[in-house]
Amino acid sequence: MSSDPSRTSAQACHFQELGVQNRNGPDLTPGKEQPSRLAAIREGPPINAVEHIRRNRGGSQSHLLKCSDGKYYVVKFPNNPQGKRTLVNEMLCGFLATKLALPVPSSVVVQVDQDLIQRSEQMFLDLPDGRARLQAGACFGSEHPGPDKDIYDSWPERRLDEISNLADFAGMLVFDIWTSNNDFRQVLFFRRDDKSQHRVAMVDNGFCFRATEWAFKDKPRLAMYPLTYVYKSISRIESFEPWLTKLESEMNRATIAEALARVPKEWYRRELTPLKKLLAQLEKRRAEVRHQILSLVATSWRLFPNWSEAHSTMHSSADRRAVAASASG
Ligand SMILES: Nc1ncnc2c1ncn2[C@@H]1O[C@H](COP(=O)(O)OP(=O)(O)OP(=O)(O)O)[C@@H](O)[C@H]1O
Ligand SMILES: [Mg+2]
């Protein structure tokens, strides 16, 4: 296998371990990095799609579009095969993850005109019974670094120390457990320019809230990034702490309502009741995430080989034994 990280454009994700295991992995101490510059929460003039760049692989059949603000976005359409609810999920989670200081690309509403769809030969949906027209109007956009950038969806273990915000994997796990992500964590590695270090950005939140179920089920192992060596240096509950504390103290009803205000009403107009129920549960389950993390560590201890009870000051070992017992029972 090549020693270079795999490019997303060149090959599908391959999730076996790459390279020699590094027991003295990079420092996962949180708080050393500023949130990504991509992670601004946007408000302002509408963003219109102006040019089709290419189709993307993936179940939602998204497209890379250039937009009126001069930026590029991966755009998912309201009639995408994964369902309209996944757009609501993307928008809510993009906002909430940004509020938690996680490295997610900007999440915006992109207006796509019928005209552009008709002009572009590649802008259609591939359905089992043939081609279908993409629905124009308000679409979900996730900011893309640009088509000329090298972007990788995996990274070799022996080069993890080149990733400047590796600690954010712990934070994203907090988020994915909170939102019951029903898909493995999808990430991208890239750098903004030749002088900066590579960073990880977290993408694809469409399957949070168990995709179109809009429900919660605690399966924390499922939502981890498949190359689990990125978690190896996590040694204590404090590795998760900045995000856990923020989640418990700041992601309250008002913040969740602010997230909902960013979602175009046409994506959920006839579904306000289940959506409100979902968001009420989301607020309530903040308190359970800490327990879920400890339960995950107890049951998947091989993934956290450096975990040290002695270093963890947040919970007594009696607490952790109780968590382990409840997880195994
Ligand atoms: N902000 C972004 N910047 C760069 N690439 C992105 C971004 N968001 C998504 N992608 C890429 O676009 C493709 C589709 O994105 P995404 O995974 O969100 O949609 P999907 O259709 O649900 O895909 P899948 O079914 O494979 O999970 C993927 O290759 C992903 O890596
Ligand atoms: Mg995906």
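Guide: One term before we start: a residue is buried if 20 or more other C-beta atoms lie within 10 Å of its own, exposed if 12 or fewer, and partly exposed in between, with C-beta atoms placed from the backbone. Helices (H or I, at least four residues) and strands (E, at least two) are DSSP runs, numbered from the N terminus. This is a predicted model, where local features need pLDDT of at least 70 and side-chain atom pairs count only at pLDDT 80 or more, while totals for chains, interfaces and linings use all residues. Residues are numbered from 1 along each chain as its sequence is written, and chains are lettered from A and ligands numbered from 1 in the order in which they are written.

Visitor: How many helices and strands does the protein chain have, and what percentage of its residues is buried?
Guide: The chain counts eight helices and nine strands. Of its 329 residues, the buried ones make up 39%.

Visitor: How many of the residues of β8 are buried?
Guide: β8 spans residues 186–190. This strand is mostly covered, and the buried count out of its five residues is four.

Visitor: Which residue of β9 stands opposite Leu-188?
Guide: Strands pair here if DSSP finds at least two bridges between them. β8 and β9 (residues 199–203) run antiparallel and are joined by five bridges. Phe-189 stands opposite Val-200, and the residue opposite Leu-188 is Ala-201.

Visitor: Which residues of β9 are buried on each side?
Guide: In a regular strand, side chains alternate between the two faces of the sheet. In β9, five of five residues are buried, with both faces covered. On one side sit Arg-199, Ala-201 and Val-203, and on the other Val-200 and Met-202.

Visitor: Is Asp-204 buried or exposed?
Guide: Asp-204 is in the loop between β9 and α4. Its phi is positive, about 65°, although it is not a glycine. Because Asp-204 has 25 C-beta neighbours inside 10 Å, it counts as buried.

Visitor: What is the phi of Ala-211 near?
Guide: Ala-211 is also placed in the loop between β9 and α4. With 19 other C-beta atoms within 10 Å, Ala-211 is partly exposed. Its phi is positive in a residue other than glycine, and the value is near 60°.

Visitor: Which residues are closest to ligand 1?
Guide: A residue is near a molecule or strand if its C-beta atom, placed from the backbone, lies within 6 Å of it. There are 19 residues around ligand 1, and the closest are Gly-58, Gly-59, Ser-60, Ser-142 and Asp-204.

Visitor: Which strand gives the most to the shell around ligand 1?
Guide: By class, the shell has five nonpolar, ten polar and four charged residues. For those classes, Ala, Val, Leu, Ile, Met, Phe, Trp, Tyr, Cys and Pro count as nonpolar, Asp, Glu, Lys and Arg as charged, and the others, Gly among them, as polar. β7 (137–144) and β8 each supply at least two residues. The one that gives the most, with three residues, is β7.

Visitor: Why are the buried residues of α4 on the same side?
Guide: Helix α4 covers residues 241–250, and its buried residues are Trp-243, Leu-244 and Leu-247. They lie on the same side of α4 because they cover an arc (taken from the directions from the helix axis to the C-beta atoms) of only 100°.

Visitor: And which exposed residues does the face turned away carry?
Guide: What covers the buried side includes α3 (168–178) and α7 (289–299). The face of α4 turned away from that side carries the exposed Thr-245, Ser-249 and Glu-250.

Visitor: Which residues is Val-174 in contact with?
Guide: Val-174 is one of the residues with the most contacts inside the largest nonpolar core, which has 77 residues. Such a core is a set of buried Ala, Val, Leu, Ile, Met, Phe, Trp, Tyr and Cys residues joined through C-beta atoms within 7 Å. Two residues are in contact if their C-beta atoms, placed from the backbone, lie within 7 Å. Leaving aside neighbours within four places in sequence, the contacts of Val-174 are Phe-240, Trp-243, Leu-244, Leu-247, Val-289 and Ile-293.

Visitor: How many Å apart in space are Lys-99 and Glu-250?
Guide: Lys-99 is in helix α1 (residues 85–99). Not counting residues up to four places away in sequence, Lys-99 touches Met-251 and Thr-255. Lys-99 and Glu-250 are 151 residues apart in sequence, and C-alpha to C-alpha they are 8.7 Å apart.
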